[in-house]
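Please read them alongside the coordinates.

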Amino acid sequence: MRPIETEYSISMFLLSTRNFQDRQFAKKIISMMNQHPYFIPTLYDSVTPLKELFNIENIDEMVDTWMNTEMNERSPDQNYASGDFIARGKRARRKKKCTISYFASWIKNQQVNFNLLSIRWHAEEIIERELFDQVMLVCEDFMNKVESVYGAIGIEHNHSKKNHPIDFTSSNDDTHAAVTKYEKNNEDVESFGLFVTRRTIPDLKAYYSSPICNAYVNLMHVSFGLYPSLLNCTNRIKEE
């Protein structure tokens, strides 16, 4: 089998006003990175290149990196604190692992800030291994824990700065106008290749359903159909 191209990534980002400078919260988020067998990272750090081995038995050290404890304690402005946590893993067929990237970034000062959690997968790997359901489970888990006020999923070209968004909402009904348009004509899906919502859309079968959301996918217009290299990759995988 020919090697799978990695031109595109599926990326999710969540914005939250929740306090990220919380050791118990950090421990929970890092533990969640270790819960999904396909998406367990191998290295972590606060900057790249990553140098530290991701081992859940050393979670206290990883939490220290998340908290950026040493730098924040040395800061002359005690009203300001920040931290970054990066964890990545490479594809490993025998261990059933996929390429994965987690990134958390937070700021705490005397203003209200949006803290960030993002996750990135290689789109071609997800297609090849039919892991879309697993990706959705990860999205749901982190959405619930992070308490996001906004979320988005997009198809990102790895060699450009362009991001091609897929319609997505992690909070109920903040895309009411778009949902209403979709309900009026469920064949009008040019901008709804993938739509995730808590609502049930009449006369359309969900590709994926759970107690907290439904995902509607039209493969004629989903991201894999919009971008030729992904469509070719999908067809090649099916043929091989």
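1. In this predicted model, the N-terminal end of α1 is capped by Asp22, one of whose side-chain oxygens lies 2.9 Å from the backbone nitrogen of Gln24.

2. Helix α1, which spans residues 23–32, packs with helix α2, residues 59–67, at an angle of about 115°, and the two axes are 9 Å apart. The crossing of these two helices, α1 and α2, is right-handed. On the α1 side the contact is made by Arg23, Phe25, Ala26, Lys27, Ile29, Ile30 and Ser31, while α2 contributes Ile59, Asp60, Met62, Val63, Asp64, Trp66 and Met67. Sorted by class, the residues in this contact of α1 with α2 are 9 nonpolar, 1 polar and 4 charged.

3. Which residues of α1 are buried? They are Phe25, Ala26, Ile29, Ile30 and Met32, and because they cover an arc of only 160° around the axis, they are on the same side of α1.

4. Beyond the helix, Gln35 is placed in the loop between α1 and β2 (43–45). Its relative accessible area is 45%, and Gln35 therefore counts as partly exposed, the limits for that class being 20% and 50%. Although Gln35 and Val138 are 103 residues apart in sequence, their C-alpha atoms are 9.2 Å apart in space.

Terms used. Residues numbered from 1 in each chain as written. Predicted model: local features only at pLDDT ≥ 70, side-chain atom pairs only at ≥ 80, totals over all residues. Heavy atoms only, no water. Axes fitted to C-alpha atoms, helices over the stretch in contact; angles between N-to-C directions. Helix = DSSP H or I, 4+ residues; strand = E, 2+ residues; numbered from the N terminus. Left-handed = near helix turned anticlockwise from the far one by under 90°. Contact = heavy atoms within 4.5 Å. Nonpolar A, V, L, I, M, F, W, Y, C, P; charged D, E, K, R; others polar. Buried < 20%, exposed > 50% of the residue type's maximum accessible area, 1.4 Å probe, protein only. Arc of directions from axis to C-beta. Polar contact = N/O pair within 3.5 Å; in protein donor to acceptor, adjacent residues only side chain to side chain.
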